[in-house]
Amino acid sequence: MRSMLKLGWLALLLMVGCAGRQELETPDYEAVYDVPLEEMWPSVRQYFTDAHLPYREDRGSMVLETEWKQEFGGSKIAGYWHRYMVMGKRETPTKSKLWIIRITKSVNKALSRPGKELDWGAPRSLGNGPEEVTDLSVEDDADRLSFPVGENAFYMEAGQGTRDLTMEWRVFRGIMPKLAKKQPVSAEPQVAKAPGAKDAPTFTECGQSILGLKKQAKAGGVMLLGELHGTQEVPRFIAQSVCQLVTSGIPVTVGLELPVENEARITTFLQSQGGEVDWLKLMEAPFWRSPYPDGRGSAAVANMLEQLRQLRAQGLDVAVFVYDHPKLSGQQREDALTKTVLAQVKATPQRFHLVVSGNIHSRTAKGLPWDKQYRPMGYQLKDQLDDVTALDMAYDTGTAWICAANEQSSKLDCGVKEAKGKDNGDRFFMHTWSSANKEGYHGVFYVGHVTASEPAVLKGLGNPDAAPAQESTSSL
């Protein structure tokens, strides 16, 4: 038995490297414990206790289910909740493994899949009829029908979840060294703790792991994300990426293509308690009330700021800066964007910088179809920094809030418009190619089916927990 434990311990050292380093991308195979199931299971219980994930357990079958836990920075409109079903499996008499099933739901009824009202399985009627269901309350039924889409897809009517290999390996990395050394189990992660923070969470729910993210992110690196403005999914992708990186030990700075005049307001908001007055001060800026809202001031962006604020409030090392110069245009604007981003990166070279912009600015190749000498921000940054990766947005067909020229009036027409893409599944991921394409992109980040996000001022002055604004406000 001792030799088996030593082998497991050596394998773990080779896999995770030195203490304090970021954990590697989740392997695509199962984690196997070199101890019997009965010996491993008490450590599993202790892990979830230390991670502040309360659970109920069926002790006879070595199965536990955690209580619902809200994903980081959720809201009453866009909030997601997760719970875990943890099942101990006997591999051999001397080896064991865990299966962890992630179950997800959302309170956003607008995200419900069409057709979920159809009765595909057991009857759901309540009452005294022939199809009476006596073991469900009305609340149970509503809970069962509330489920998300996209990378968190879970069909609650069918009782199916998603197996979470990331969580399985996270538990394994927390448990196996302790089992090998016979020390008490701890669920403390290697998080990026903010300077001056008294504490940081032992466990933060960051949503399902974004495939390829941790492979691309490292301290000192710059990642440019070229987006289609005006979707719900891109701001969520950004917030989820930040959460997953800072809880893996990498401090992150997010660069947003918002006017530099908003820097102080956004910084103040991120350091605030997120109360009603804090939201009003943030939304006082003219930017949020632009007569041509192009998607950068959407409700999804406002909710993303709230998610980042909550991560900071927990003591995690998250920073945000803005870099747009809207009074300039053409090459002058690109030069100003570059100068602002470059100053931020050089001032904090130990951080990972995630810079989001429209997908022309993030190109690292010179020239545009209408101007062969055009030098986008990405091209200039690539020339002056050692580690720059540019990813173009990939998505499944849906909608986005877009400003486009009206052919009849020659004016900008802003609203919900169709966005045509290609279906590559529901899971968020990043993928790089062997070499950059002609636009200078090194790969793509994929956000699944896209859904338009309206201007924040139409949603209770941006506060994701507020009721929708009155009609007089919606005309802004």
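Mentor: Strand β8 pairs with strand β12 (residues 388–396) in the parallel sense, over five bridges. Strands here are DSSP runs of E with at least two residues, helices are runs of H or I with at least four, and both are numbered from the N terminus; two strands count as paired if DSSP finds at least two bridges between them. Within this pairing, Val222 stands opposite Val388 in β12. β8 is also joined to strand β11 (residues 352–358), again in parallel, by six bridges, and there Leu225 faces Val356. In general, the strands of a sheet pair through backbone hydrogen bonds, in either a parallel or an antiparallel sense.

Before going further, please note that this is a predicted model, in which local features need pLDDT of at least 70 and side-chain atom pairs count only at pLDDT 80 or more, while totals for chains, interfaces and linings use all residues. Residues are numbered from 1 along each chain as its sequence is written, and side-chain values use heavy atoms, with hydrogens and water left out.

How many of the six residues of strand β8 are buried? Six of the six residues in β8 (residues 222–227) are buried, so the strand is largely enclosed by the rest of the structure. Buried means under 20% relative accessible area, exposed means over 50%, and partly exposed lies in between (1.4 Å probe, protein chains only). Val222, Leu224 and Gly226 point one way from the strand, whereas Met223, Leu225 and Glu227 point the other way.

β8 belongs to an open sheet of seven strands with mixed pairing, in the order β10-β9-β11-β8-β12-β16-β15. At the edges stand β10 (318–324) and β15 (429–432); each has a single partner strand, so one side of each lacks a neighbour in the sheet. Neighbouring strands are turned against each other by 25° on average, direction ignored; the axes behind such angles are lines fitted to C-alpha atoms (for helices over the stretch in contact), and angles otherwise run from 0 to 180 degrees between N-to-C directions. Helix α9 (residues 299–313) lies across β9 and β10 and runs at about 145° to β10.

In soluble globular proteins, nonpolar side chains tend to be buried together.

Leaving aside residues up to four places away in sequence, Val447 touches Glu233, Val234, Phe237, Met393, Ala394, Tyr395 and Phe428; a contact means heavy atoms within 4.5 Å.

Strands β13 (residues 398–405) and β14 (residues 412–419) run antiparallel and are joined by eight bridges, with Cys403 and Cys414 as bridge partners. The two strands form a hairpin with six residues between them, and Ser410 in the turn has a positive phi of about 65°. Most residues other than glycine have a negative phi.

Finally, the setting of the whole chain. The protein chain has twelve helices and 16 strands, and buried residues make up 50% of its 476 residues. Among contacts between residues at least 6 apart in sequence, 72% join residues at least 24 apart. The average pLDDT, the predictor's confidence in each residue on a scale from 0 to 100, is 81, and 76% of the residues score at least 70. Over residues 109–160, however, the pLDDT is below 50, although this stretch has 85 contacts in the model beyond near neighbours in sequence. Residues 469–476 also stay under 50, with eight contacts beyond four places in sequence.
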